[in-house]
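This report concerns the chain shown below and looks at how its parts are arranged and joined.

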Amino acid sequence: MSQSSADALPESLVVVSNRQPYSHEWTADPVEGAITTDDVAVTTATGGVTSALDPLMRSLGGTWVAWASGDADMAVADEGIVAVPPGEESYDLKRVPLSEAEIEGYYHGYANQVLWPLCHEESGRIWAKPTYWEQYRAVNERFAEAVREVTDPEDTVWFQDYHFALAPRRVRAARPDATLHHFWHIPWPAPTVFDHCPRGEAVLDGLLACDVVGFHTEPDADHFCRCVEATVPDATVDLDDGVVRYEGTETRAVANPLGIDVDGVRSRAEASDTDAVRRQMLGDTVPDPSIPVVLGVERLDYSKGIPERIAALDHLWERRPDLRGAFTYVQKASRTREGIADYRRYRQDVVAEMQRINERYGTDDWHPAVYTERRLSAETLAGLYRVADVALVTPHRDGMNLVAHEYPTACVDGDGALVLSELAGAATQLDGALTVNPHDIAEIADALERALELDERDRRDRLGRLQASIEALDSTNWVERQFRAGPD
Ligand code: G6P
């Protein structure tokens with residue numbers, strides 16, 4: 001691999017991810033003839049992968065390969081390629097359009113009804129229709145072909161997440177001398193759970209074409225090696241060093257926790273108009289500007305533990321009637337993967353539970369819980385974090401969970417408390433949170449009660465420790481650690 005000696009970064013890079021950093025949508029019905037900037041709107045993705053990798057790609061140059069999910073994506077591209085970021089073009093985005101059948105089988109199918117539930121230890125939710133595997137394989141092949149088109153023999157390619165377990169093996173066949181990295185952003189399960197994986201050996205075979213496979217935590221990297229040992233008979237596994245030798249490749253499984261763009265979140269929080277954000281989010285429902293806010297921010301995903309959290313609020317208000325009226329819970333939720341029945345049902349359940357506790361405890365003067373699915377800008381979200389006195393982050397299982405990084409970082413006034421699931425990767429990395437078992441409703445209620453009643457010194461001390469541990473994991477360090485783990 002060609003690397004600058006100073007920082008181990010490759011000289012140019014091909015990134016492969018399902019979601020793209022920029023997408024183009026028609027603002028109105030497309031018109032015949034030349035497209036003008038009035039006809040399309042560009043949206044910038046706000047997730048952890050984009051905020052870590054877009055700055056890297058801007059400085060290195062190269063190509064980012066991703067699914068063309070915006071309806072104007074292909075129209076504005078030239079043979080699928082568009083230079084980005086808009087107005088500051090510094091790298092290429094190569095878009096791969098997918099048919100309805102491919103989206104169904106690859107995205108709604110094998111990726112999100114097999115690998116996602118498997119890795120979040122929800123094996124009862126696995127549903128593996130034959131077309132899911134066929135399409136997952138075919139789409140991985142299409143992405144591998146797109147990578148082949150934009151790479152030279154010794155280039156570096158970095159695959160992102162569980163959507164691309166098979167593509168590395170296809171790329172390796174065509175580019176034996178390339179350096180291949182993967183980062184698995186979700187948990188990796190223990191062998192007894194991985195046993196449930198339909199086509200599990202093929203998934204491992206695909207990943208073992210990489211030189212480095214990154215995970216957020218040591219247990220994830222260790223589980224991966226143990227699954228290889230249990231499932232791939234021809235692989236030689238060194239569990240102590242996290243190295244697998246198989247089919248001529250030496251693969252290192254490394255723990256490399258992802259962080260956030262700390263300066264970006266902090267400066268957005270500092271710039272936010274907290275009174276305006278409070279009014280925008282809480283409006284007339286919470287007229288008292290001094291009432292504490294407890295916050296939850298997540299996609300409506302069954303791994304996030306939202307019903308248990310609502311049950312914990314119910315339990316706390318039942319047990320401590322004096323806390324009724326003492327704070328308002330704000331749930332910022334985002335709709336997600338609605339092509340899958342489990343997700344549609346989950347959303348219905350969450351909405352119904354939010355209504356139920358409001359009906360049960362609401363009074364003329366107090367609205368217990370505010371629920372919103374409004375899309376928030378990164379600026380408004382940072383302001384909302386800053387407004388919140390406590391954040392509840394209680395997933396059943398999570399690779400990392402970046403809300404647990406963003407909330408403390410946005411508490412630029414030096415005050416705020418985090419209740420965190422001990423089963424989120426973040427709990428293994430961050431110091432200062434009040435940790436809970438996400439299934440233990442009484443424990444979540446107790447931790448919230450404690451967070452609300454911590455004395456100021458303890459609260460500020462915990463927040464300071466959280467901020468220091470988050471800063472050490474800044475996303476720039478994540479990128480450098482990944483490449484430092486690669487071959488010399
Ligand atoms: C998780 C995954 C990401 C994914 C995100 C949103 O964080 O690790 O790869 O992009 O969820 O899910 P979606 O299905 O909307 O891309």
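**Domains**

The model is a predicted one, and the domain assignment of the protein chain gives domain 1 as residues 1-259 + 473-488 and domain 2 as residues 262-472. The centres of domain 1 and domain 2, taken over C-alpha atoms, are separated by 30 Å. To the contact, domain 1 contributes 26 residues and domain 2 likewise contributes 26 residues. Between them, domain 1 and domain 2 bury about 2,000 Å², of which 55% lies on carbon and sulfur atoms. On the side of domain 1, the residues that lose the most area to domain 2 are W116, R125 and L473, which together account for 28% of what that side buries.

**Helix packing**

Two packed helices are described by the angle between their axes and the distance between the axes. The table lists these values for three helix pairs.

| Helix pair | Angle between axes | Distance between axes |
|---|---|---|
| α13 (403-410) and α16 (456-472) | about 120 degrees | 9 Å |
| α9 (274-282) and α12 (378-387) | roughly 95 degrees | within 9 Å |
| α8 (262-271) and α13 | roughly 50 degrees | within 8 Å |

Helix α13 packs against α16 at an angle of about 120 degrees, and that makes α13 oblique to α16. The crossing in which α13 passes α16 is left-handed. On the α13 side the contact is formed by A404, H405, P408 and T409, which meet L463, L466, Q467 and I470 in α16. Sorted by class, the residues of this contact of α13 with α16 comprise five nonpolar, three polar and no charged.

Helix α13 also takes part in a contact with α8, where the two axes cross at roughly 50 degrees, and α8 and α13 are therefore oblique to each other. The crossing of α8 and α13 is right-handed. Here V262, V265, R266 and A269 in α8 meet E406, T409 and A410 in α13, and the contact of α8 with α13 has four nonpolar, one polar and two charged residues.

The contact is made by T274, V277, R278, Q280 and M281 of α9 together with T380, G383, L384, R386 and V387 of α12. The residues of the contact of α9 with α12 divide by class into four nonpolar, four polar and two charged.

**Backbone geometry**

Most residues other than glycine have a negative phi, and most peptide bonds are trans. Against that background two sites may be noted. The peptide bond that runs from V84 to P85 is cis, with omega near -10 degrees, and P85 is found in the loop between β5 (81-84) and β6 (91-96). E247, although it is not a glycine, has a positive phi of about 50 degrees, and E247 is found in the loop between β11 (243-246) and β12 (249-255).

Terms used: Residues are numbered from 1 along each chain as its sequence is written. This is a predicted model: local features need pLDDT of at least 70, side-chain atom pairs count only at pLDDT 80 or more; totals for chains, interfaces and linings use all residues. Side-chain values use heavy atoms; hydrogens and water are left out. Axes are lines fitted to C-alpha atoms, for helices over the stretch in contact, and angles run from 0 to 180 degrees between N-to-C directions. Helices (H or I, at least four residues) and strands (E, at least two) are DSSP runs, numbered from the N terminus. Angles under 35 degrees count as roughly parallel, over 145 as roughly antiparallel, 65 to 115 as roughly perpendicular and the rest as oblique. A crossing is left-handed if the near helix is turned anticlockwise from the far one by less than a right angle, and right-handed if clockwise. Contact means heavy atoms within 4.5 Å. Ala, Val, Leu, Ile, Met, Phe, Trp, Tyr, Cys and Pro count as nonpolar, Asp, Glu, Lys and Arg as charged, and the others, Gly among them, as polar. Domain bounds come from an automatic or database domain assignment. Buried area is the accessible area (1.4 Å probe) that two parts lose on being put together, summed over both.
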